[in-house]
Amino acid sequence: MELCSISGLKGRVAVPGDKSISHRCIMFGSIADGTTEVRNFLEGADCLATIRCFRSLGIEIEKKDTTVIVHGKGLHGLSAPDRILDVGNSGTTTRLLSGILAGQSFESSLSGDESLNSRPMRRIMDPLTRMGAHISSIHGNGCAPLCIAPSRLHGIHYDSPVSSAQVKSCILLAGLYADGETSVTEPSLSRNHTELMLREFGADLRTSHSLDSTKATASIRPCSRLCGQKITVPGDISSASYFIAAGLIVPDSEILIENVGINPTRAGILKVCEDMGGNITLLNERTEGGERIADILVKTSNLHGITIEGDIIPTLIDEIPVIAVMAAVAEGTTVIKDAAELKVKETDRIETVTDNLTAMGCNVTPTADGMIITGGNLKGASIHTLLDHRIAMAFSIAALVADGNTKILDSKCVDVSYPTFYDTFEQLL
Ligand code: S3P
């Protein structure tokens with residue numbers, strides 16, 4: 001994909017359904033009784049991988065465009081797959097599915113692409129093993145492919161060293177199959193879609209916050225059944241973030257992004273944009289299926305650098321590449337700290353963001369847990385996405401304010417979370 005600088009992005013767009021929520025609808029629907037009807041399902045490669053895995057586990061899933069009907073078979077209705085489950089590029093599929101598979105009475109294995117198979121899985125293997133699960137890394141390197149054999153699970157309390165919704169959700173899902181209560185405490189609250197949605201499905205799930213710190217705990221007790229639901233998936237704020245950034249940094253722009261999920265555990269980008277001086281207005285705020293939703297109006301603004309650190313980091317972790325792009329054209333210096341988790345995403349995003357911003361002429365220094373970025377003028381460059389969808393989309397936005405042409409290599413990788421990204425973009429020209 002070849003892009004150049006423009007001005008005057010105008011119009012209204014809707015972004016596709018939320019990736020995290022779309023995955024969970026398929027998973028929870030599959031182990032619920034009755035049908036789960038999902039509207040505005042994200043047809044990205046990651047969520048399609050989840051559908052593929054649950055079909056291999058014997059679940060009938062009908063799909064017509066963005067409407068999906070999952071014919072749930074109950075907590076104990078999955079059947080042994082006749083092949084290795086292919087999780088593609090999807091960390092969410094791998095980690096959440098492992099929690100469910102740990103509670104089954106059959107053996108299963110799962111494996112993904114090169115990036116997925118190099119991401120850390122000990123973070124779920126350790127707590128699952130403490131619950132009594134038989135889960136192993138086939139190559140013994142703590143990564144997928146993973147093999148999961150039947151076992152009896154018992155409830156544990158897990159003090160997670162990381163704020164990770166994938167780790168938390170994996171343990172809570174295994175907890176559905178354990179005897180006694182299972183609870184997870186994380187250093188600060190990560191996205192809570194699992195907690196909100198499992199409760200809607202009828203799970204016995206509680207959450208609490210420690211009074212003296214930001215630590216968050218979720219506890220689950222086994223229940224006899226989950227009940228299928230009707231769910232409309234809100235627009236994905238992570239996908240919206242590219243248009244938020246474009247609206248703020250491309251001269252003379254005004255963009256309305258409709259129906260975006262603004263769950264506070266996901267909406268850190270909105271606060272960061274405001275703190276940087278961004279002109280953002282939330283319109284038509286409402287709650288559907290326990291999730292907060294709004295239309296987001298963005299207008300071109302003069303941004304300035306800020307420090308981003310602490311508890312806000314888990315609420316914007318996937319948006320850091322595009323936040324870095326905004327920082328690269330803001331006045332002054334932006335410091336991003338406490339974000340070492342960036343190293344274990346689809347790529348090491350401290351490295352991929354630093355390398356590509358440097359190629360565009362930006363003054364950026366990588367640190368152990370983030371980046372220091374001083375804003376200035378960007379120049380066009382060849383962007384090495386390393387097949388990371390968020391790098392492709394973030395740098396497509398950088399290209400719009402760079403001098404000269406920018407080439408996004410392997411831009412097709414946007415299919416992972418936003419197959420129609422470049423089409424939506426054209427609506428604003
Ligand atoms: C996700 C959790 C986050 C996020 C990922 C989706 C989820 O990962 O980066 O894109 O759906 O639970 P971690 O749990 O590794 O932080």
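How far from a polar backbone atom of A165 is an oxygen atom of the ligand? In this predicted model, in which local features need pLDDT of at least 70, side-chain atom pairs count only at pLDDT 80 or more, and totals for chains, interfaces and linings use all residues, the separation is 3.1 Å. Residues are numbered from 1 along each chain as its sequence is written, and side-chain values use heavy atoms, with hydrogens and water left out.

Two further polar contacts, a term for pairs of N or O atoms within 3.5 Å, involve side chains: an N or O atom of S164 lies 2.6 Å from a ligand oxygen, and a polar atom of K345 lies 2.7 Å from an oxygen atom of the ligand. Of the 390 Å² of accessible area that the ligand has on its own, the protein covers 94% (Shrake-Rupley method, 1.4 Å probe).

The shell around the ligand, taken as residues with a heavy atom within 4 Å of it, includes K19, R24, T92, R191 and D318. By class it holds two nonpolar, four polar and six charged residues, where Asp, Glu, Lys and Arg count as charged, Ala, Val, Leu, Ile, Met, Phe, Trp, Tyr, Cys and Pro as nonpolar, and the others, Gly among them, as polar. The largest share, three residues, is contributed by α1 (helices being DSSP runs of H or I with at least four residues, and strands runs of E with at least two, numbered from the N terminus). Because domain 1 (2–16 + 234–426) and domain 2 (19–232) both give residues to this shell, the ligand lies between them, the bounds being taken from an automatic or database domain assignment.

Two backbone features were also identified. A cis peptide bond, with omega of about 5°, joins A144 and P145, and P145 is found in the loop between β8 (134–137) and β9 (146–149). D65, although not a glycine, has a positive phi of about 55°, and this residue lies in the loop between β4 (60–64) and β5 (67–73).

Methods: A polar contact is a pair of N or O atoms within 3.5 Å; within protein, one must be able to donate a hydrogen and the other to accept it, and residues adjacent in sequence count only if both atoms are side-chain atoms.
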